[in-house]
Amino acid sequence: MRNNGLVRTAAETIRRYDMLRPGETVLAALSGGADSVSLLLVLQSLGYEVRAFHLNHCLRGAESDRDEAFCRALCAKRGVPLTVVRVDIAALSQGKAVEETARRERYAQLEKAADGCKIATAHTADDNLETVLFHLVRGSGARGLAGIPPVRGNIIRPLLNAERREIEAFLRENGQDYVTDSSNLSDDYTRNRLRHSVLPVLREINPAAAQSALRLGQQLRQDEQTLGALAADCLHAAAQPDGSYDTRPFLLCREAVRGRALRKAAENAGMPLRDLAQTHIEALGRLLESADPSAQLDLPHGFTARREYERFRIEKRESLPAAEAMALAVPFDGVWAGGNRVKLRKLEKSEVFYKTVNTFCADCGTIDFASLCVRARQTGDRLRLTEKGGSRTLKKLMIDRKIPAAERNGLAVIADKNGVIAVQNIGMDLSRAPKNGERLEIKIERN
């Protein structure tokens with residue numbers, strides 16, 4: 001094999017990052033382009049047991065079929081077992097970004113074909129530089145600016161330290177042809193515009209720009225590993241059994257640690273991170289510092305973050321219809337608003353009443369039974385809980401008790417046409433307290 005420089009570069013990268021053991025089987029992703037053809041030849045030259053995989057995206061008609069035929073012929077010539085899968089990416093994308101769909105499907109099919117062995121992709125130093133620039137213009141954080149990792153799970157990149165000019169020289173000196181994807185020539189895609197317009201200027205300024213980006217990525221990944229461990233500690237200290245987080249550990253962290261912990265909290269909530277930009281992380285930080293104990297923030301993919309006093313949570317937004325009022329009769333035992341069980345019964349004259357947080361005893365003479373109902377709070381609802389104080393709005397009482405805003409409309413309010421009688425987790429209006437007449441026991445339980 002002529003031009004052993006590329007082979008030596010790949011061998012050093014494999015050794016440095018412990019990518020493969022001697023003679024190990026590896027699946028090479030083969031598109032037919034210059035980079036992937038070089039990868040196949042280099043891995044064979046280094047003595048690994050190479051298998052190949054080609055995905056026909058069916059996006060470029062006859063050109064896609066040409067690429068498949070080229071890969072078949074190359075692998076047959078070199079004695080490499082080849083797996084070919086055809087997927088109609090345009091149909092699969094269903095109006096979503098074709099590039100993203102193709103990337104996701106490519107990796108899914110590679111994993112399936114690998115059957116447990118390592119997967120080698122032909123990413124180069126040039127690809128890494130494009131990726132760094134792509135994340136830079138999108139506003140990504142340090143993780144995006146770190147570029148392409150040499151190893152991610154069972155995926156390895158043996159050519160990551162090689163540049164495109166080395167690839168082309170290697171193929172030229174070995175008389176090996178390859179195919180060119182015509183879509184790479186179009187500036188319709190952001191990466192192509194970076195490749196054609198930005199990278200040449202960077203190389204004029206610094207011919208070693210691609211290697212500089214690789215060194216930056218290595219430094220950032222080392223930093224990320226340390227900061228990530230601190231962020232995990234913060235998240236562990238803040239996590240609560242109900243899925244919320246205590247704000248205090250976050251506020252005690254340095255911003256670099258806090259941002260990573262918030263990103264992990266979003267990931268734990270099931271939120272896709274691809275569109276969670278640094279601006280969202282900064283907004284989450286402001287949410288934690290806000291003086292508003294019920295502050296909320298909309299996040300991508302239908303998620304929301306909200307404060308619950310000294311706690312906060314990130315979850316999928318749900319559009320829940322307002323709970324309707326439900327008429328009550330005596331006796332009564334039923335469920336209102338998806339989980340609150342309401343029980344009503346008249347007490348015997350000599351029966352002892354046992355008070356609990358959500359068990360109330362009211363004077364029947366103060367109640368209009370024809371309009372008695374259980375409902376959600378309404379604007380203007382008030383309660384007087386003590387002799388000394390006057391009546392206060394339910395909103396203020398709920399704030400005093402630090403009841404999260406998202407939970408307030410779900411609390412059961414027992415009322416009649418004259419106003420509120422009792423409220424779950426709050427108390428009973430003093431004017432309804434029993435005197436000498438019949439007594440009504442009101443019990444509210446979480447079903």
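Biologist: What share of the accessible surface of the chain belongs to carbon and sulfur atoms?

Modeller: This is a predicted model. The accessible surface of the chain comes to about 23400 Å². The share that belongs to carbon and sulfur atoms is 49%.

Biologist: How many helices and strands does the chain have, and why is the chain more spread out than a compact globule?

Modeller: The secondary structure holds 15 helices and 21 strands. For 447 residues the globule rule gives 22 Å. The chain is well over that value, so it is more spread out than a compact globule, with a radius of gyration of 33 Å.

Biologist: What percentage of the contacts between residues at least 6 apart in sequence join residues at least 24 apart?

Modeller: A contact here means heavy atoms within 4.5 Å. Count those in the chain between residues at least 6 apart in sequence. The part joining residues at least 24 apart is 66%.

Biologist: How far apart are the mean positions of the positive and negative charges?

Modeller: The chain has 68 positive charges and 58 negative ones.

Biologist: Which element gives the largest share of the largest nonpolar core?

Modeller: That core has 33 residues, and Leu20, Val26, Leu30, Leu40, Leu43 and Val50 touch the most other members. Elements giving two or more residues include strand S1 (25-29), strand S2 (49-56) and helix H8 (164-173). The largest share is 7 residues, and it comes from H2.

Biologist: Which residues does Val50 touch, not counting residues up to four places away in sequence?

Modeller: Val50 is one of the core residues that touch the most other members. With residues up to four places away left out, its partners are Val26, Ala28, Leu40, Leu43, Gln44, Val80 and Pro81.

Biologist: What covers the buried residues of H8?

Modeller: The buried residues of H8 are Ile167, Ala169, Phe170 and Leu171. After H8 comes Gly175, with a positive phi near 60°. The cover over the buried residues of H8 includes H1 and H2.

Biologist: Is Asn192 buried or exposed?

Modeller: Asn192 sits in helix H9 (residues 190-205). Its C-alpha is 8.9 Å from that of Glu130, 62 residues away in sequence. The cut-off for buried is under 20% relative accessible area. Asn192 has 4%, so it is buried.

Definitions and conventions
Residues numbered from 1 in each chain as written. Predicted model: local features only at pLDDT ≥ 70, side-chain atom pairs only at ≥ 80, totals over all residues. Heavy atoms only, no water. Helix = DSSP H or I, 4+ residues; strand = E, 2+ residues; numbered from the N terminus. Rg over C-alpha atoms; globule rule 2.2 N^0.38 Å. Areas by Shrake-Rupley, 256 points an atom, 1.4 Å probe, with all protein chains shown as cover. Lys, Arg positive; Asp, Glu negative; His and termini not counted. Charge placed at Lys NZ, Arg CZ, Asp CG, Glu CD. Core = buried A, V, L, I, M, F, W, Y, C linked by side-chain atoms within 4.5 Å. Buried < 20%, exposed > 50% of the residue type's maximum accessible area, 1.4 Å probe, protein only.
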